[in-house]
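Please examine the sequence and the model shown below before reading on.

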Amino acid sequence: MKRSVLTRYRAMAYVTAVMLLVLCTCMVFKYGFGMGKDLTLVVSQIHGVLYIIYLVFAFDLGSKAKWKFGKLLWVLVSGTIPTAAFFVERQVVREVEPLIAGDAPEPVNA
């Protein structure tokens, strides 16, 4: 697996998680204080598009890492739970780093 697959996933995980937090803040202002209706609409649409891109990159990473369906589903859903993507991203990086081509130690011929 190439490092770029993991890098794309990591970037989209962070962007999606931050946009979800921004969207949650906008929702609080919209429904709690009755302001920011237009901003909430724009932020929700941007988050929706970014989440679709996140799904594509996460699925690509999961298929190349040969994850089981349950793990893949958890990674895909983590983009919809505020702050979950930050924690899942760290766990995914720890598991996928050893699989990246070029990081594996070369066998020693004796």
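The model is predicted: local features require pLDDT of at least 70, side-chain atom pairs count only at pLDDT 80 or more, and totals for chains, interfaces and linings use all residues. Residues are numbered from 1 along each chain as its sequence is written, and side-chain values use heavy atoms, with hydrogens and water left out.

**Nonpolar core**

A nonpolar core is here a set of buried Ala, Val, Leu, Ile, Met, Phe, Trp, Tyr and Cys residues joined through side-chain atoms within 4.5 Å. Buried denotes under 20% relative accessible area, exposed over 50%, and partly exposed the range in between, computed with a 1.4 Å probe on protein chains only. The largest such core contains 25 residues, and Leu6, Tyr9, Tyr54, Leu61, Trp67, Val75 and Val92 have the most contacts inside it. Two or more residues are contributed by each of H1, H2, helix H3 (69-77) and H4. The largest share, nine residues, comes from H1. Helices (H or I, at least four residues) and strands (E, at least two) are DSSP runs, numbered from the N terminus.

Leu6 illustrates the packing in this region. With neighbours within four places in sequence left aside, Leu6 is in contact (heavy atoms within 4.5 Å) with Leu61, Val92, Val93, Val96, Glu97 and Ile100.

**Aromatic rings**

Rings of Phe, Tyr and Trp (its six-membered ring) are paired if their centres lie within 6.5 Å; planes under 30 degrees apart count as stacked, over 60 as edge-to-face and the rest as tilted. Over the whole structure, the search finds four aromatic pairs. Two of them are listed below.

| Pair | Centre to centre | Angle between planes | Class |
|---|---|---|---|
| Tyr9 and Tyr54 | 5.8 Å | 35 degrees | tilted |
| Tyr51 and Tyr54 | 6.0 Å | 25 degrees | stacked |

Tyr9 belongs to helix H1 and Tyr54 to helix H2 (residues 37-65), so their pair ties together parts that are 45 residues apart in sequence. Tyr51 and Tyr54, in contrast, are three residues apart in helix H2 and are therefore separated by about one helical turn. Tyr9 and Tyr54 are both buried, and Tyr51 is buried as well. Through ring pairs, Tyr9, Tyr51 and Tyr54 are linked into a cluster.

A further ring takes part in an arrangement of another kind. The charged end of Lys71 sits over the ring of Trp67, 5.1 Å from its centre; the criterion is that NZ of Lys or CZ of Arg be within 6 Å of the ring centre and within 35 degrees of the ring normal.

**A buried glutamate**

Glu89 lies in helix H4 (residues 84-96) and is buried, with a relative accessible area of 0%. Its side chain is joined to that of Tyr14 by a polar contact of 3.0 Å. Such a contact is a pair of N or O atoms within 3.5 Å; within protein, one must be able to donate a hydrogen and the other to accept it, and residues adjacent in sequence count only if both atoms are side-chain atoms. Apart from neighbours within four places in sequence, Glu89 is in contact with Tyr9, Arg10, Ala13 and Tyr14.

**Loops**

Two loop residues have a positive phi. Lys66, although not a glycine, has a phi of about 60 degrees. Lys66 is placed in the loop between H2 and H3 and is exposed, at 70% relative accessible area. Thr83, also a residue other than glycine, has a positive phi near 70 degrees. Thr83 is placed in the loop between H3 and H4 and is partly exposed, with a relative accessible area of 35%.

**Cysteines and Met27**

A disulfide is defined as a pair of cysteine sulfur atoms within 2.5 Å, and a search of the whole structure finds zero disulfides. Cys24 is partly exposed, with 29% relative accessible area, whereas Cys26 counts as buried at 8%.

Met27 is found in helix H1 (residues 3-33) and counts as partly exposed at 33% relative accessibility. Leaving aside neighbours within four places in sequence, Met27 is in contact with Gly32 and Thr40. The C-alpha atoms of Met27 and Leu72, 45 residues apart along the chain, are separated by 28 Å.
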